[in-house]
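Work through the exercises below with the sequence and the model side by side. Try each task before reading its solution.

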Amino acid sequence: MQRKIPMRQCVGCREMKPKKELIRVVKSPEGVISLDFRGKAPGRGAYVCPDPACLKRAMKSKALERTFETSIPPEIYDGLIARMEAGDGGD
C-alpha cells in the first residue's frame with residue numbers, strides 16, 4: 001500500500017502541493033514568526049511555493065499577515081527571497 005503524501009496550500013497561488021515542495025513559515029506558541037525549513041517546528045504554519053511570483057502575490061495580498069493575525073517582520077520576507085534566489089526551496 002502506498003503512503004499518503006501530505007498536501008498543503010500555498011498562500012500565494014492557493015494551489016495544493018506536496019508539503020515537501022513548499023517552504024513553511026511558522027508562528028510559535030510565543031508569537032515569534034520564523035522560517036521552518038524542516039517542517040517540524042511547533043506552532044501555526046503557513047506554506048509558500050519556492051517561487052518568487054508566489055511570494056510576491058502573498059506579500060501583495062498580505063496572506064501571511066491574515067493567516068497569523070499579526071504583522072510579518074521584513075527579515076522573514078528577506079529570508080524567503082534569499083532562499084528562493086539560492087534555488088533551494090525545501091529540504
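This is a predicted model: local features need pLDDT of at least 70, side-chain atom pairs count only at pLDDT 80 or more; totals for chains, interfaces and linings use all residues.

Residues are numbered from 1 along each chain as its sequence is written, and side-chain values use heavy atoms, with hydrogens and water left out.

**Exercise 1.** Check the span of helix 3 against its number of residues.

Solution. Helices (H or I, at least four residues) and strands (E, at least two) are DSSP runs, numbered from the N terminus. The expected span of a helix is 1.5 Å times one less than its number of residues. Just after helix 3, glycine 87 has a positive phi of about 75°.

**Exercise 2.** Which residues of helix 3 are buried, and how are they placed around its axis?

Solution. Buried means under 20% relative accessible area, exposed over 50%, and partly exposed in between (1.4 Å probe, protein chains only). Ile76, Tyr77, Leu80, Arg83 and Met84 are the buried residues of helix 3. Viewed down the axis, these residues fall within an arc of 125° (taken from the directions from the helix axis to the C-beta atoms), so they line one face of helix 3. On the other side, Pro74, Glu75 and Glu85 are exposed. The cover over the buried residues includes strand 3 (23–27), strand 5 (44–48) and helix 1 (52–61).

**Exercise 3.** Over the face of which residue does arginine 83 lie?

Solution. A charge sits over a ring if NZ of Lys or CZ of Arg is within 6 Å of the ring centre and within 35 degrees of the ring normal. Arginine 83 lies over the face of phenylalanine 37, at 3.6 Å from the ring centre.

**Exercise 4.** Is valine 26 buried or exposed, and what is it in contact with?

Solution. Valine 26 belongs to strand 3. Its relative accessibility is 2%, so valine 26 counts as buried. Contact means heavy atoms within 4.5 Å. Leaving aside neighbours within four places in sequence, the contacts of valine 26 include Ile33, Pro42, Gly43 and Phe68.

**Exercise 5.** Where does serine 28 lie, and what is it in contact with?

Solution. Serine 28 is in the loop between strand 3 and strand 4. With a relative accessible area of 16%, serine 28 is buried. Neighbours within four places in sequence aside, serine 28 is in contact with Pro42 and Gly43.
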